[in-house]
Amino acid sequence: PDRAVQNVVFALLQALPTSLLLLVLATRRPVRLGATVATFAAGIALSGQVLEIAANLARISGSLSDAGYYAFAPWLLVANILGTSVLNLGFLLMTIDRLSSALADLASRDDLTDLPNRRGLRNRARRVERRGREQGECVSVMMLDVDSFKQINDTFGHHAGDACLVHIAGILSNGLHRKDILARVSGDEFCAILPATDMRDAAQIADMLVKQISTTPFIAGKSRIPLSVSIGIAEWSPVGSEG
């Protein structure tokens with residue numbers, strides 16, 4: 001029946017999940033506008049709840065009178081209401097941020113192979129170039145073209161041709177290092193960026209990929225589709241290169 005005890009219980013029930021929410025928001029990466037607004041709002045709400053607990057504990061212990069409590073209690077309520085309201089706005093902005101990220105990812109990814117497309121490759125290439133300049137590392141670039149791909153489409157159909165591209169993309173992805181970037185840049189053309197890799201090492205990787213693809217035909221029903229690729233290699237070095 002004690003109103004001060006009730007206030008402590010109610011504020012605790014709000015403060016605990018708000019604290020957990022604040023912890024989750026504070027560890028989100030990357031930091032975007034929605035998460036920033038939600039973190040700020042959760043902090044305001046939590047401050048009001050903590051002060052509410054402290055003030056009511058002071059009332060219970062007798063160190064704060066009811067009149068003294070009610071002199072600033074409305075401000076604690078305002079902090080809670082304001083924080084919760086802005087928190088909802090932060091959640092809405094977080095949803096918009098997530099949708100924007102999803103749309104950006106769709107715009108930079110090939111829907112057939114799930115590899116980066118030309119746009120996605122450009123974005124990643126800029127980061128590789130920047131790192132190469134900072135670290136003084138060379139970068140090798142491979143252009144891969146599927147041999148006689150039109151003949152595969154004409155003989156087995158475009159559905160089988162698409163399946164062959166997915167098959168080849170899987171072999172290429174497994175044959176490259178995790179730091180390497182593989183993208184589909186056009187119909188039957190792929191591009192691979194190999195950071196910190198010189199021409200000699202890139203040539204060895206290219207030979208290995210050519211052999212793996214030529215010895216791993218695609219099986220479409222009862223048909224066995226032989227595959228091969230042609231690979232060209234170029235090396236970029238930050239020494240003496242310009243923008």
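**Pocket and cores of a predicted model**

Student: How many nonpolar, polar and charged residues does the lining of the largest pocket have?
Tutor: This is a predicted model, in which local features need pLDDT of at least 70 and side-chain atom pairs 80 or more, while totals for chains, interfaces and linings use all residues. Residues are numbered from 1 along each chain, and side-chain values use heavy atoms, without hydrogens or water. A pocket is an open set of points on a 1 Å grid where a 1.4 Å probe fits, with protein on both sides within 12 Å along at least five of seven lines; lining residues have an atom within 4 Å of a point. By class, with Gly counted as polar, this lining has 8 nonpolar, 5 polar and 2 charged residues.

Student: Which helix supplies the largest share of that lining?
Tutor: Helices are DSSP runs (H or I, at least four residues). Helix 1 (3-26), helix 2 (33-61) and helix 3 (66-107) each give at least two lining residues. The largest share, 7 residues, comes from helix 3.

Student: Which residues touch the most other members of the largest nonpolar core?
Tutor: Such a core joins buried nonpolar residues through side-chain atoms within 4.5 Å, buried being under 20% relative accessible area with a 1.4 Å probe. Of its 27 residues, those touching the most other members are M142, I168, L172, F190 and L227.

Student: With which residues is L172 in contact, leaving aside neighbours within four places in sequence?
Tutor: Contact means heavy atoms within 4.5 Å. L172 belongs to the largest nonpolar core, and its contacts are L144, L182, F190, L209 and I213.

Notes: Buried means under 20% relative accessible area, exposed over 50%, partly exposed in between (1.4 Å probe, protein chains only).
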